[in-house]
Amino acid sequence: MPSVKRARPMLGRRAPAPVVIHSAPLVLPMCAEPVRDGAVATRDERVISVGLRADLLTSHPAAEEVRWRGMIVAGLVDACSAGPSAAPGVTARARVVSDLADPGCFPGVSYIEVTSGSEQEWEDVERDAVITAIREIDRPCAVGIAVHTRDSLVLEDVAVLARTFGLRLLVDLDRHSPATLDEAGVLGSLCHVVCARPLDPGERKLLRLRRTVVGLYPAAEDALSLLEEGNVVAFCETGPAGPLGSAAAVRRHVRERGLRPRGLDRRLVEAATLGGARALGMDRGKGRIGALAPGARADFAVYDARGRYPYSALLAGPPCLATVVGGTPAQTA
């Protein structure tokens, strides 16, 4: 009869992290329908399951439960941050920095400015500095280029750099028309634009065809046209309420015009979450953001909101009770 050997624990092998279940009367995963009496199971910085609270507690009997009042929502994503700190509920953002070594990193993408006024200045000074910064930097968030130059030749070279290094691009449409950016090869899935001015139908169509996300400020007059025509929209932070406040401002503007588009509230909240993730190129793969699903980063916000219409309740400006980034509370009220 063969001898039976007992398995020995492997030396140096760390035990798996415990499962934590965050539950609330309502969970908005954003990539799926709202879950009443729902929960999000997390391990370390990742989501492992989303569903009914009872089902998750049964599946993970040894898990610790954190019970929240109100509503758990996928973390907000700011498409262009204006302040040094993130608004409540924001778990990732696009931030323009003058120095990539700035230690104040927040999850998302840090964009270094390109401001050269001429091709000569770019070749003599800024190009090497940008490449060196990108190669040498060691930071926990992704890196991109904020295109603040008006020179067409510099634009073309920046587009080549972005494709070579796999960098994100951020462009302000107050400086360039979509047609100019397209000619330079800037538009595309690596790029998102921010816009405070109205776009004509041709500009909206070009951005849509190039799969370029449009980051909007709350005063954007054509936000509804962009949403109705199928452009992917995100929101830029302009005040303490963050992207959700920007979404609420667009809703007020639409209603003041006497319009009641079907599903608008949900689309606006999606823009503040999924749309922002698309803008930063962080909407796919492991560790994706903007939605709560297995494999996504455990980023979410908790709002003191409830009611039959959850998206409308969010846009009514409820207080943010907590912001959780990578499974770790970042802010608690």
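Asp 265 is buried, because its relative accessible area of 11% falls under the 20% limit. The model described here is a predicted one. Asp 265 is placed in helix H8, which covers residues 264-279. A polar contact of 2.8 Å joins the side chain of Asp 265 to the side chain of Arg 251. When residues up to four places away in sequence are not counted, Asp 265 touches Arg 251, Arg 255, Tyr 311, Ser 312 and Leu 315.

Two of the residues touched by Asp 265, Arg 251 and Arg 255, belong to the part of H7 that meets H8. Helix H7 spans residues 242-256, and its axis is 9 Å from that of H8, the two helices packing at an angle of about 150 degrees. H7 and H8 therefore count as roughly antiparallel to each other, since the limit for this class is an angle over 145 degrees. Their crossing is right-handed. On the H7 side, the residues in the contact are Pro 243, Leu 244, Ala 247, Val 250, Arg 251, Val 254 and Arg 255, and on the H8 side they are Leu 264, Asp 265, Leu 268, Val 269 and Ala 272. Sorted by class, this contact between H7 and H8 holds 9 nonpolar residues, 3 charged residues and no polar ones.

Glu 203 lies in helix H5. Its relative accessibility is 14%, so Glu 203 counts as buried. Apart from residues up to four places away in sequence, Glu 203 touches Ser 177, Pro 178, Arg 197 and Pro 198.

Arg 211 is exposed, because its relative accessible area is 57% and the class begins over 50%. The phi angle of Arg 211 is near 55 degrees, which is a positive value in a residue other than glycine. A positive phi value in a residue other than glycine is also found at Asp 37, where the angle is near 50 degrees. Asp 37 is part of strand S2, residues 35-43. With a relative accessibility of 36%, Asp 37 counts as partly exposed.

Val 66 is likewise in a strand, S4, which consists of residues 64-67. Val 66 has a relative accessibility of 21% and so counts as partly exposed, the buried class being limited to values under 20%. The contacts of Val 66, leaving out residues up to four places away in sequence, are with Val 20, Ile 21, His 22 and Ser 23. Gly 38 is 28 residues from Val 66 along the chain, and the C-alpha atoms of the two are separated by 12 Å.

Gly 75 is found between strand S5 (71-74) and strand S6 (76-81). Gly 75 is buried, with a relative accessible area of 2%. Its neighbours within four places in sequence aside, Gly 75 is in contact with Gly 89, Thr 91, Thr 273, Gly 290, Asp 299, Phe 300 and Ala 301. Between Gly 75 and Thr 180 there are 105 residues of sequence separation and a C-alpha to C-alpha distance of 34 Å.

Met 282 lies in the loop that runs from H8 to strand S14 (300-303). This residue counts as buried, at 17% relative accessibility. Met 282 touches Gly 108, Val 109, Ala 277, Arg 288, Ile 289 and Arg 297, with residues up to four places away in sequence not counted. The C-alpha atoms of Met 282 and Val 213 are 12 Å apart, and the two residues are 69 positions apart in sequence.

His 148 lies in the loop between strand S9 (142-147) and helix H3 (152-165). Leaving aside neighbours within four places in sequence, His 148 is in contact with Val 96, Glu 113, Val 114, Thr 115 and Arg 175. Arg 175 is 27 residues from His 148 in sequence, with a C-alpha to C-alpha distance of 7.4 Å.

Terms used. Residues numbered from 1 in each chain as written. Predicted model: local features only at pLDDT ≥ 70, side-chain atom pairs only at ≥ 80, totals over all residues. Heavy atoms only, no water. Helix = DSSP H or I, 4+ residues; strand = E, 2+ residues; numbered from the N terminus. Buried < 20%, exposed > 50% of the residue type's maximum accessible area, 1.4 Å probe, protein only. Contact = heavy atoms within 4.5 Å. Polar contact = N/O pair within 3.5 Å; in protein donor to acceptor, adjacent residues only side chain to side chain. Axes fitted to C-alpha atoms, helices over the stretch in contact; angles between N-to-C directions. Parallel < 35°, antiparallel > 145°, perpendicular 65-115°, else oblique. Left-handed = near helix turned anticlockwise from the far one by under 90°. Nonpolar A, V, L, I, M, F, W, Y, C, P; charged D, E, K, R; others polar.
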